[in-house]
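Thanks for coming. I have one structure to go through today, and I will keep it short. Please have a look at it before I start.

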Amino acid sequence: MRRFNVTGLCVPKEDYMVDISGKIAQIRKLVDDRCYFTINRARQYGKTTTLLSLTNDLANDYLAVSISFEGIGDESFESAAMFCQTFLNLVRRALDFTDASDEYKESWRDSSVLTFAALSEHITDMCKPSSNVQDKKVVLMIDEVDKMSNNRVYLHFLGMLRDKFLGRKSERDYTFHSVILAGVYDIQNIKLKMVSEGIYEPSQVENALYNSPWNIAVPFNVDMSFSSGEIAAMLSEYELDHCTGMDIQKIANEIYAYTCGYPFLVSRVCQCIDEELDKNWTVIGLRDAVQLMIGEKNTLFDDMIKNLENNKDLFDLIYDVLFVGNERVFNTDNPIIDLGHMHGYLKQGEGSKTVVTNRIFELRLYEYFLSKDSTSRRKMSTGVLQKDVVVDGRFDMELCLRKFADHYAEIWSERDADFIEREGRLLFLSYLKPLINGQGLYHIESQLTDLRRMDIVVDFGQEQFIIELKLWRGEASHEKAYEQLLGYMESKGVNEGYLLTFDFRKDENKLPYANWVEKDGKKIFDVIV
């Protein structure tokens with residue numbers, strides 16, 4: 001029986017998988033066109049599975065040599081000699097899984113190849129049409145190219161491949177028909193990583209080699225995320241086996257809404273429902289699966305937290321985007337935005353604004369920032385408990401906001417307006433989180449066309465609550481906030497909404513305001529603190 005797999009390679013016979021044949025066809029065209037390119041995608045984005053599928057697709061027309069730099073040992077990168085011999089051995093073993101002749105396989109063994117010049121000559125001999133009795137062109141695929149310990153050796157290797165590619169273009173050399181590298185870091189990022197770690201400071205002579213060792217590569221623009229339609233097709237196969245009665249397209253749309261098609265997240269949320277939530281393929285079951293996921297430790301989340309802990313600029317950027325609402329134009333010329341994009345945390349949103357890639361990442365990052373912030377931890381002790389705002393299993397959002405207004409009045413006397421304006425969202429979320437924790441889930445929909453606005457959607461039981469957070473900017477702005485909230489309520493199909501406004505006017509007689517107002521046949525609980 002097949003299952004959802006989140007631990008490495010996926011194969012159709014054993015795992016439920018999205019059909020990626022369309023993506024493979026796009027990559028195949030690059031190979032047919034003799035392109036050299038890099039598949040740079042974030043951790044657990046399906047790169048290894050994609051390379052396996054591509055290898056199988058190419059098998060009839062090419063000698064598809066697929067190797068990996070993962071787990072081959074640091075000593076393999078200590079010198080050019082060690083690398084050359086390791087590379088030849090990897091290629092030799094990979095050829096065992098092709099239809100190459102035994103003679104051709106053995107010809108890749110050569111203990112005398114100890115320099116990149118010698119390796120270049122050997123590749124020339126191996127890629128000449130007469131070298132392979134079946135006259136198949138050789139395609140080289142290298143997975144986990146950013147796992148090497150000595151990046152200098154790797155850059156020399158890329159420089160050699162580039163020179164051979166240019167030699168082939170001028171009909172003065174033979175080399176691989178196509179070369180595909182797969183990893184998280186691209187070449188530019190690897191050099192930046194080396195410099196930042198203090199292990200690389202190129203001389204002027206070296207710059208000639210290292211400036212663009214892979215400038216022959218064509219852009220790789222294949223979308224490797226999963227669409228809701230692709231997710232639905234996978235769920236259809238699952239449903240044929242299990243007959244759960246799920247609304248396939250509805251669940252696929254909801255999975256996409258949380259994951260934006262990030263392959264690991266899609267598989268993990270499905271695995272949670274299938275194996276840990278008694279196959280509850282409903283919107284409630286999906287929400288419960290997301291709640292399980294954001295509280296767990298896994299390699300993807302661990303890697304995310306490690307990267308934020310080790311890079312203050314990245315930490316500050318994502319914090320500003322999520323909590324402060326600062327607008328950042330999405331431009332990968334900015335090294336920090338490029339780093340966040342490379343790791344899969346950031347993407348371009350509407351209006352070329354920098355946003356977090358998907359809702360699950362947002363939730364996990366909110367959890368992380370809330371736990372990190374000492375002020376947030378201190379203010380979570382409000383004296384309000386979940387039992388105080390949950391009556392007969394129903395969350396009383398009106399009471400929750402009234403109690404927050406009382407709590408906020410206490411904070412105001414201790415903090416200046418600039419602090420509250422900057423940290424207001426954090427204060428409210430740190431107050432809200434323990435009240436819904438375990439039974440509910442929230443997510444944020446920042447309206448980046450208006451940096452003074454944040455929509456919070458709370459799911460608790462069968463109900464959904466829409467809360468808009470605003471800063472006071474006068475009566476006219478407040479009326480506009482009603483219109484914005486009504487529009488969002490309409491899109492969500494709810495008749496009641498909640499507007500929480502932070503008012504920083506310096507007025508000693510200012511009192512908190514909380515009241516229901518009716519607008520266009522819908523009700524809004526209006527709270528000003």
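What you see is a predicted model. The chain has 529 residues, and 53% of them count as buried. In secondary structure, there are 21 helices and 14 strands. The accessible surface comes to about 23900 Å², with 47% of that belonging to carbon and sulfur atoms. Now to contacts along the sequence. If we take those with a separation of 6 or more, 70% are between residues 24 or more positions apart.

Next, the helix. Helix α14 covers residues 312-324, and its buried residues are L314, F315, L317, I318, Y319, D320, V321, L322 and F323. What caps the N-terminal end of α14? The cap is N311, which has a side-chain oxygen 3.1 Å from the backbone nitrogen of D313.

Now the two loop residues. Please find H343, in the loop between α15 (335-342) and β5 (346-348). Is H343 buried or exposed? Its relative accessible area is 5%, and residues under 20% count as buried, so H343 is buried. Setting aside neighbours within four places in sequence, H343 is in contact with A42, V184, Y185, Y262, D303 and N307.

The other one is I216, which sits in the loop between α8 (204-210) and α9 (228-242). I216 has a relative accessible area of 11%, so by that cut-off of 20% I216 is also buried. Which residues does I216 touch, not counting those up to four places away in sequence? They are Y36, L161, R162, F165 and L166. I216 and F37 are 179 residues apart in sequence, yet their C-alpha atoms are 8.0 Å apart in space.

Last, the cavity. How many cavities of 30 Å³ or more are there? The count comes to one. The volume of the largest cavity is about 30 Å³. Its lining consists of K470, L471, W472, R473, S477, H478, A481 and T501. The largest share comes from α21, with three residues. Sorted by class, the lining has three nonpolar, three polar and two charged residues.

Notes. Residues are numbered from 1 along each chain as its sequence is written. This is a predicted model: local features need pLDDT of at least 70, side-chain atom pairs count only at pLDDT 80 or more; totals for chains, interfaces and linings use all residues. Side-chain values use heavy atoms; hydrogens and water are left out. On a 1 Å grid over the protein atoms alone, a cavity is a set of points where a 1.4 Å probe fits but cannot get out, and a pocket is an open set with protein on both sides within 12 Å along at least five of seven lines; lining residues have an atom within 4 Å of a point. Grid points are joined across faces, edges and corners, and a volume is the space filled by probe spheres set on the points. Helices (H or I, at least four residues) and strands (E, at least two) are DSSP runs, numbered from the N terminus. Ala, Val, Leu, Ile, Met, Phe, Trp, Tyr, Cys and Pro count as nonpolar, Asp, Glu, Lys and Arg as charged, and the others, Gly among them, as polar. Buried means under 20% relative accessible area, exposed over 50%, partly exposed in between (1.4 Å probe, protein chains only). Contact means heavy atoms within 4.5 Å. Accessible areas come from the Shrake-Rupley method with a 1.4 Å probe; for residues, only the protein chains shown count as cover. A polar contact is a pair of N or O atoms within 3.5 Å; within protein, one must be able to donate a hydrogen and the other to accept it, and residues adjacent in sequence count only if both atoms are side-chain atoms.
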